[in-house]
Amino acid sequence: MAGFEGRVALVTGGSRGIGAATALLLAQRGCDVAINYQRNKEAADSVAEAVRAQGRRAGVYQADVASASDCEAMAAAVTAELGAVGILVNNAGVGSASVGQPRIADMPDSDLQRLLDVHVFGPLHLSRLLVPGMRVLGRGDVIMVSSVATQGYGPRMGVYAIAKAGMEAMAYTLAKEERQYGIRVNVVSPGLVETDMGKLLVSFARGVEDIRSLDPASPFGFVCQPEDIANAIAFLCSDEGRYITNQRLTVNGGGF
Ligand code: NAP
């Protein structure tokens, strides 16, 4: 896969799970990588070490993507230290279990606001800050990491699905607005993935304490791994993905 050499990628939520796998894969392909985290500096530092071990530059940036001022400071620091961002992966996220999976009819505004802040306002802040810089690079990529929650709208997933649906609406609109500048905007939608969030979800919703106990019932005999999502993201940002924009790539083994 070509088209990564000399590009700078910012991966939000790059300290763990899907974001960590994406940061490392983009570095393996040739990107310098900015790794955003909210709380877990140690994990972000270890991803940065792995990026540097690939011979690429890495920076670690603390920012709550829900905060416009944190995003402003992060965008300025990344641009000053690594250069203009050509790949923005809006991956940072929190799941429905983090607010107790409220039903719509019982949902406090504060629960929905919390998820909207992270999944909608985070990508909005960063698009506003970084997309203008992409317009002069000749190629830019924005990836929104959504979820199959917007395809099933299952009970008690509403708080999360509403936020991810907002994120997707932003992606499809942005794709049309920015195509003239060479910017591709795509959505990657995972099903269940073995990460801290995936483990919390199956424990909270289904009482499953070992996510790998779901392997036999999963497509292809294993629970999706973070690297499977990273591969889809990298493909969309590669030369091979140059004619793909305004699309949703679902990575869930074909569903259940
Ligand atoms: P994870 O392992 O729980 O990691 C979440 C990451 O997001 C961490 O790096 C965390 O930083 C960061 N983060 C959370 N809130 C943040 C904020 N306000 N500002 C900045 N960073 C923040 O999650 P994951 O499973 O890799 O999820 C990644 C994305 O995939 C999410 O958008 C999620 O909705 C989506 N997704 C996941 C699954 C799944 O089954 N795992 C399925 C569908 C979609 P710290 O390390 O500092 O806490």
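In this predicted model, Gln 101 touches Ser 96, Arg 156, Met 157, Leu 201, Phe 204 and Ala 205, when residues up to four places away in sequence are not counted. Gln 101 itself belongs to the loop between strand 4 (87–90) and helix 4. Is Gln 101 buried or exposed? Its relative accessible area is 6%, and because residues under 20% count as buried, Gln 101 is classed as buried. One of its neighbours is also a polar partner: the side chains of Gln 101 and Ser 96 are joined by a polar contact of 2.9 Å.

Attention may now turn to the ligand. There are 33 residues around the ligand, and those that come nearest are Ser 15, Arg 39, Asn 91, Tyr 160 and Thr 195. Arg 39 also takes part through its backbone, where a polar atom lies 2.6 Å from an oxygen atom of the ligand. A polar backbone atom of Ile 18 is 2.9 Å from an oxygen atom of the ligand. With Lys 164, by contrast, the side chain is involved: an N or O atom there is 2.9 Å from an oxygen atom of the ligand. On its own the ligand has 900 Å² of accessible area, of which the protein covers 95%.

Which elements give two or more residues to the shell around the ligand? They are helix 1 (17–29), strand 2 (32–37), helix 4, helix 6 and helix 7 (196–206). Helix 7 gives the most, with three residues. Sorted by class, the shell holds 13 nonpolar, 15 polar and five charged residues.

The last topic is the nonpolar interior. In soluble globular proteins, nonpolar side chains tend to be buried together. The largest nonpolar core here has 41 residues, and Leu 10, Val 78, Leu 126, Val 142 and Met 144 have the most contacts inside it. Two or more residues of this core come from each of strand 1 (8–11), helix 3 (68–81), helix 4 (109–134), strand 5 (140–145), helix 6 (158–178) and strand 6 (183–190). Helix 6 provides the largest share, nine residues.

Leaving aside neighbours within four places in sequence, Leu 10 is in contact with Ala 34, Asn 36, Met 74, Val 78, Val 85, Ile 87, Leu 88, Val 89, Leu 126 and Leu 130.

Technical notes: Residues are numbered from 1 along each chain as its sequence is written. This is a predicted model: local features need pLDDT of at least 70, side-chain atom pairs count only at pLDDT 80 or more; totals for chains, interfaces and linings use all residues. Side-chain values use heavy atoms; hydrogens and water are left out. A nonpolar core is a set of buried Ala, Val, Leu, Ile, Met, Phe, Trp, Tyr and Cys residues joined through side-chain atoms within 4.5 Å. Buried means under 20% relative accessible area, exposed over 50%, partly exposed in between (1.4 Å probe, protein chains only). Helices (H or I, at least four residues) and strands (E, at least two) are DSSP runs, numbered from the N terminus. Contact means heavy atoms within 4.5 Å. A residue is near a molecule or strand if one of its heavy atoms lies within 4 Å of it. A polar contact is a pair of N or O atoms within 3.5 Å; within protein, one must be able to donate a hydrogen and the other to accept it, and residues adjacent in sequence count only if both atoms are side-chain atoms. Accessible areas come from the Shrake-Rupley method with a 1.4 Å probe; for residues, only the protein chains shown count as cover. Ala, Val, Leu, Ile, Met, Phe, Trp, Tyr, Cys and Pro count as nonpolar, Asp, Glu, Lys and Arg as charged, and the others, Gly among them, as polar.
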